[in-house]
Amino acid sequence: MKLAVSAAELTLDPRLGNLRALRFAEGGDWLDPLHSAPWLNNPTVQNDPDIPMVEKQLSGDFFCAPFGASRGAPIHGWTANSVWEVEEVVQSGRAAVARLTLSRPVNGARIEKELRLRKGEPLLYQSHRIAGGHGGLSVAHHPMIRMAGGGRLCFSPKRVALTGDEPLEPGRNWLSYPAQSADLSRFPGRDGPVDLHYYPKAQGNEDFVTLIEAPGNSLGWTAVLRAVERDIVFVLKDPRVLPVTMLWYSNGGRDTAPWCGQHTGVLGIEDGCTAGAEGQEAAEGDNPIARHGVPTVLPLAMDRVHVVRQVIGAVPCPDGWQAVADIRLDRSTLSLFSDTGAAVHLPFDGSFFSVTNSH
């Protein structure tokens, strides 16, 4: 299924709700920020019953509920592995909107997805409405950015970065586990301090680190200045709902199927409410993320609604920009500021993040 407005296109696969492709037109060229795995058309992978659907069709971005491993559901939950029913698609010259509902409940909750493109904006507005249910539910987005030649990573202020007890692939990691640091430019690494502002730092590695938002941030953001593509890819979130940003460095460090060492140059920017890579059961209890004073699950109840909002955008990187120092929103404008004070201004729906997120 495709949504399109002038200068923006989105392809969605309702079989599992993932964003297969997102493109923004700029000066006769297309900015194509999202990654798709090289095995999407490999029949051996697609016919393997032991590989979860989310991994068979690994691409773009998808919503995880629960995030990671959990009892009774495939990895990243049924939201990333089962059918979304298309409820409505509206396409006009001004906007394109798709609304879908997950075909099965999660912890008794109904989950609805809305995707929106607006004319003249290199932005995708994405929201998930979680209504009812019971217990605590970890959630996260899972956008994957293609990093063909590496690049510079910039963030809204963070309280601390930390890794879990064990690496994703022991012996194929360049970060230390467990470790933590309030200085993102000097995170403990296997061979000495690592600057988390640059990718990649190693070849044949698989790493995962969680950044906790600093107190008082009204907007959480990550911006990536891609070296080869000469663009800036950015992801925005409401830190009151998604207090952590998890970085997944996937650079050839997995040799089992379907990865087979061929999944390289990929950066996951996974904004969530969860306990890092430790899974749903860890998120429900005491865990290192929660000890820093932030929630790691959304509390579900029959009379409660949570709305998880995210924006993905991309713009050409202006000449001379080495870093993004800040991203700000107002009623109708999104502004990116460089480390020298230069700015890029984009039209923006200022009401998107201001709506009440939970009641």
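This is a predicted model: local features need pLDDT of at least 70, side-chain atom pairs count only at pLDDT 80 or more; totals for chains, interfaces and linings use all residues.
Begin by displaying the aromatic side chains, among which the structure holds 7 aromatic pairs. A pair of aromatic rings is described by the distance of the centres and the angle of the planes, and both values are quoted at the stops where a pair is shown.

Select Y199 and Y249, whose ring centres lie 5.6 Å apart with the planes at 15°, so this pair is stacked. With the chain traced as well, the pair can be seen to link distant parts of it, since Y199 belongs to strand β16 (residues 198-199) and Y249 to strand β20 (residues 244-251), 50 residues apart. Y199 has 4% relative accessibility and therefore counts as buried, and Y249, at 0% relative accessibility, counts as buried too.

Next, select F352 and F353, an aromatic pair with an edge-to-face arrangement, in which the centres are 5.0 Å apart and the planes make an angle of 70°. F352 is buried, with a relative accessible area of 6%, while F353 counts as buried because its relative accessibility is 10%, under the 20% cut-off.

For the last stop, select W78 and R104: the charged end of R104 sits over the ring of W78, at a distance of 3.7 Å from its centre.

Conventions:
Residues are numbered from 1 along each chain as its sequence is written. Side-chain values use heavy atoms; hydrogens and water are left out. Rings of Phe, Tyr and Trp (its six-membered ring) pair if their centres lie within 6.5 Å; planes under 30 degrees apart count as stacked, over 60 as edge-to-face and the rest as tilted. Helices (H or I, at least four residues) and strands (E, at least two) are DSSP runs, numbered from the N terminus. Buried means under 20% relative accessible area, exposed over 50%, partly exposed in between (1.4 Å probe, protein chains only). A charge sits over a ring if NZ of Lys or CZ of Arg is within 6 Å of the ring centre and within 35 degrees of the ring normal.
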